[in-house]
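User: I would like to go through this model and ask, for a few of the labels used, what each one rests on.

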Amino acid sequence: MPQSLLATDGYKFSMAEAGWPLRKETFYYSHRKGGPQVMPLDLEAWVKALLPDPRPEDYAFLARHDYEMGVGFKAAILRKAQLSVRAIPRGALFLPREPILTITGPSALVSWLEPMLLQLNYRVQVATQALQDREALARTLATVTCEEEKRIALETLDQVGVRAVSIQVDTEGYVRRVRAQVKELVDIVEDPSRIFEVGLRAATCLEQHELALRACQEAGVQRTSNVEGARVLGMIPVGTMGHEHVQRYGSDDAAYRAMHERRPQRSSYLLDTFDTLTSGIPAAFKLISEDPQGGDSIRFDSGNKKLQYLYAVTRARDLGIKPVIILEDGLDAQATREFEELRKQVGWEPTTQFYGYGGHIVARTMPHALTRDRVAAIYKLSCSGATPVMKFGNELAEGKQSVPGTPVLFRRRTGSGPLGLVGQAGEATPQGYFPLMDSAPSAPSLVGTEGLTPEEQRIGYTATTQALVESLTRRHFPQGR
């Protein structure tokens with residue numbers, strides 16, 4: 001059944017309006033960690049079943065909430081026939097950091113998929129643990145949050161040929177834990193309007209996320225990135241910019257100006273696509289200085305956020321500007337207390353500092369550990385038009401650097417070398433390898449992964465992919481990182 005057009009994050013709509021919704025783009029899906037895992041389903045069929053079916057009332061709702069969509073977006077979202085999916089087959093094993101799915105098509109459409117697509121990680125984890133140890137899985141899934149989460153688990157067990165386990169649904173318990181988690185955050189910041197929810201990508205399914213949103217409402221939080229959830233519950237949809245927007249433009253300055261100059265609403269500038277201190281903050285503050293009363297905000301997302309925060313506050317005061325500060329990415333109650341104390345120490349007004357929470361609200365309150373964070377599932381823009389792009393981030397040690405181009409995956413058959421090689425579409429298959437994405441499906445199994453050492457699980461880049469990475473690195477960091 002097609003999804004609602006609103007079943008995605010709010011920033012997908014703002015980025016489409018400030019970008020090129022009809023441009024041909026490629027995104028890829030990967031898990032950054034979690035060891036060898038197995039794919040339980042036909043990815044191409046599953047992805048195409050997620051595509052939205054827009055209705056006039058969807059666009060009317062968006063317009064009422066400052067997301068009025070133009071003709072380019074409306075055309076792009078209907079061009080489902082232009083979507084091209086390349087994926088590892090059902091039953092295939094994959095390793096951390098391997099791109100196992102690439103989707104190419106109109107920018108607005110392939111971008112729209114992200115929150116729903118990331119929920120794939122739950123199915124993969126259920127399948128993998130079921131094949132490793134059914135009894136352990138039975139303990140893990142003894143209790144789940146909702147009927148949809150239970151249905152997905154049982155469907156996945158059937159797909160991998162493992163006998164069903166007993167699963168109880170405890171909706172009330174989940175809602176109670178989320179409500180307590182949010183209430184603690186509200187008590188810390190002393191005003192629920194300073195908090196917004198961004199956990200759709202951390203949920204296992206839409207039903208679970210709606211439960212979390214109801215609990216947020218009960219604790220006083222009224223803003224969420226989930227546009228469909230906002231419609232259903234009478235909340236306020238929020239979101240301006242993600243990494244893909246900055247990658248699309250190739251520079252922080254160009255990306256920020258596109259958002260500021262193509263949408264009349266306030267903008268939030270995401271700082272860390274290339275480097276927060278040397279690129280993100282300078283570009284954001286230059287633009288904010290040109291319109292200091294515009295109410296635009298800066299958003300910290302990775303690296304040493306306390307250092308970045310102190311630098312930003314000091315630099316803003318030197319320039320005589322007062323940007324709104326937004327903090328996200330892995331925040332919990334303790335980190336919130338620390339940033340509130342920091343805010344008080346530097347004298348920053350509470351009305352100009354806000355917090356966004358995803359996994360802390362939605363996933364840490366689950367009764368099991370099969371969360372997105374456990375495998376670090378990602379969906380990243382890798383090619384915009386004919387231009388390969390990548391995210392660099394602040395800390396190479398965090399492992400958040402993404403893969404550019406149109407990645408394909410080669411699996412070693414004979415000889416030595418990395419078990420997986422990340423190549424590019426159209427590239428010749430390296431000797432001793434075979435193209436995993438062109439393989440036939442097989443019965444899901446973990447046979448062959450027993451005892452694999454970390455060295456044996458490593459992946460590498462082909463010369464073509466490595467050349468792309470080096471070229472983009474030199475372009476963005478001519479003086480070195």
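User: Where does Thr8 lie, and why is Thr8 called buried or exposed?

Analyst: In this predicted model, Thr8 lies in the segment before helix α1, which spans residues 10-17. The relative accessibility of Thr8 is 0%, and buried means under 20%, so Thr8 counts as buried.

User: Which residues does Thr8 touch, not counting residues up to four places away in sequence?

Analyst: With contact taken as heavy atoms within 4.5 Å, Thr8 touches Phe13, Trp112, Pro115, Leu200, Ser225, Asn226 and Val227.

User: What makes β19 and β20 edge strands?

Analyst: They belong to an open sheet of 4 strands in the order β19-β17-β18-β20, with mixed pairing. Each of β19 (433-435) and β20 (459-461) pairs on one side only, and these are therefore the edge strands. Neighbouring strands of this sheet are turned by 35° against each other on average, direction ignored.

User: How do you know that β17 pairs with β19?

Analyst: Pairing requires at least two bridges, and 3 bridges join β17 (residues 407-412) to β19, so the two strands count as paired, and they run antiparallel. Within β19, Tyr433 is the bridge partner of Arg412.

User: Which strands does helix α20 touch?

Analyst: Helix α20 (residues 463-476) packs on the sheet and touches β18 (420-424) and β20, with its direction at about 70° to that of β18.

Definitions and conventions
Residues are numbered from 1 along each chain as its sequence is written. This is a predicted model: local features need pLDDT of at least 70, side-chain atom pairs count only at pLDDT 80 or more; totals for chains, interfaces and linings use all residues. Side-chain values use heavy atoms; hydrogens and water are left out. Axes are lines fitted to C-alpha atoms, for helices over the stretch in contact, and angles run from 0 to 180 degrees between N-to-C directions. Buried means under 20% relative accessible area, exposed over 50%, partly exposed in between (1.4 Å probe, protein chains only).
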